[in-house]
Amino acid sequence: MNTRRSLRTSVAAIAAAGSCLLVGSPGTSAAPQPAGPSVQRLYWVHVDTATGEQYRALAAVNRRVAWVAGEEGGVLRTTDGGQHWRDVAPPRSGKLVFRDIEARSARRASVLAIGTGTDSRIYTTLDGGRHWAKAFVNHAPKAFYDCMDFWPGGRHGLAVSDPVGGKFRILSTRDGGLTWQVLSDRGMPRAVDGEFGFAASGTCLVAAGHRQAWLGSGGAAARVFHTRDRGRHWTVTDSPIPAADAGGVFSLAFRNTSRGMAVGGDFTAPDDPAVSGITRTGGRQWIAGDRTHGYRSGVAFVRGRPGVLFAVGPSGSDISTDGGRRWRHFGRTPYDGVQCARDGSCWASGPGGAVGRLIVR
């Protein structure tokens, strides 16, 4: 286990600004913008990881603890708010492509690698990355796993593969990611020919409550699948996000089991405004939200701030303070993923070793 070069980064104070929201980047100025109640001045603080790896996989535990995993098999962990990062990658993972990491603490995490055949796999650690269990290796030649998520408590979780035999394939764990089983596809609706998931930020599959989860798709159809029984049975609903060969639903976020958000677009047209999707019915119905300022691969609700969301992509970040009805662009740093922890802190990660940290107080 090697230790990456550490660095310290100053974190600018975030001051309250009444009923106005001031967003921007360090060293830049921005005029106050109208916003909803109880929001404040904020911006991304860029945290250097001392690497050039692209980190599409991100797990935000709290304002001090976060994990990222990358395109070259790297896994980093910080326990001091990004001042120092430790290389905690599984042994001999350099040829793997990590696209999702889910962490419950500074010690417990699972990381998912994508690819055909045995390239799709999951590792789990219980001791902060000192040791990893090879929890799952795919042996189905047509399976390609995209993302995973866990319910609160961390024992139960799901992972999803692109369709095999005409249906999305679901993995389930009941022991915190140490072992995984392929679930029967009898309760899964058939996929449209050419429909698949996007392994863009580890958020094409999200869980909420104690038994519910949602899965977004793209390609020939841009839809949202929903389960109420931990993956055994699913329903499916069209999303307002247009389908395209390289487009559809890339990321989902749910504030609770009723209110959710979908973002995406077409990753071959990263600057084109992209329709978002809003549900207030737990995914039974979706309506069109405002257009984000470009294709977005990640979206997250801010804990404790109802209606406040961030969405990120290659052209920068957007913020909404009204549940996605309006989006405002701020910051042009490209990010792939964004997550907000239970304490209200938010993190983003992306290409060139980029990690951004933003605290909402």
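Are C340 and C346 buried or exposed?

A: Happy to take you through it. This is a predicted model, in which local features need pLDDT of at least 70 and side-chain atom pairs count only at pLDDT 80 or more, while totals for chains, interfaces and linings use all residues. Residues are numbered from 1 along each chain as its sequence is written, and side-chain values use heavy atoms, with hydrogens and water left out.

Now to your pair: C340 is buried, and C346 is buried too. Here buried means under 20% relative accessible area, exposed means over 50%, and partly exposed lies in between (1.4 Å probe, protein chains only). C340 and C346 are joined by a disulfide, with an S to S distance of 2.2 Å; the term stands for a pair of cysteine sulfur atoms within 2.5 Å. The torsion about the S-S bond of C340 and C346 is about 105 degrees, so this disulfide is right-handed.

By this rule there are two disulfides. Another joins C147 to C204, S to S 1.9 Å. Its torsion about the S-S bond is about -85 degrees, so the disulfide of C147 and C204 is left-handed. This pair links distant parts of the chain, 57 residues apart: C147 sits in strand β14 (residues 145–150), and C204 in the loop between β18 (195–196) and β19 (205–208). Strands are DSSP runs (E, at least two residues), numbered from the N terminus. Both C147 and C204 are buried.

Finally, with the bonded cysteines of the chain numbered in sequence order, the pairing reads 1-2, 3-4.

How values were computed: Helix = DSSP H or I, 4+ residues; strand = E, 2+ residues; numbered from the N terminus.
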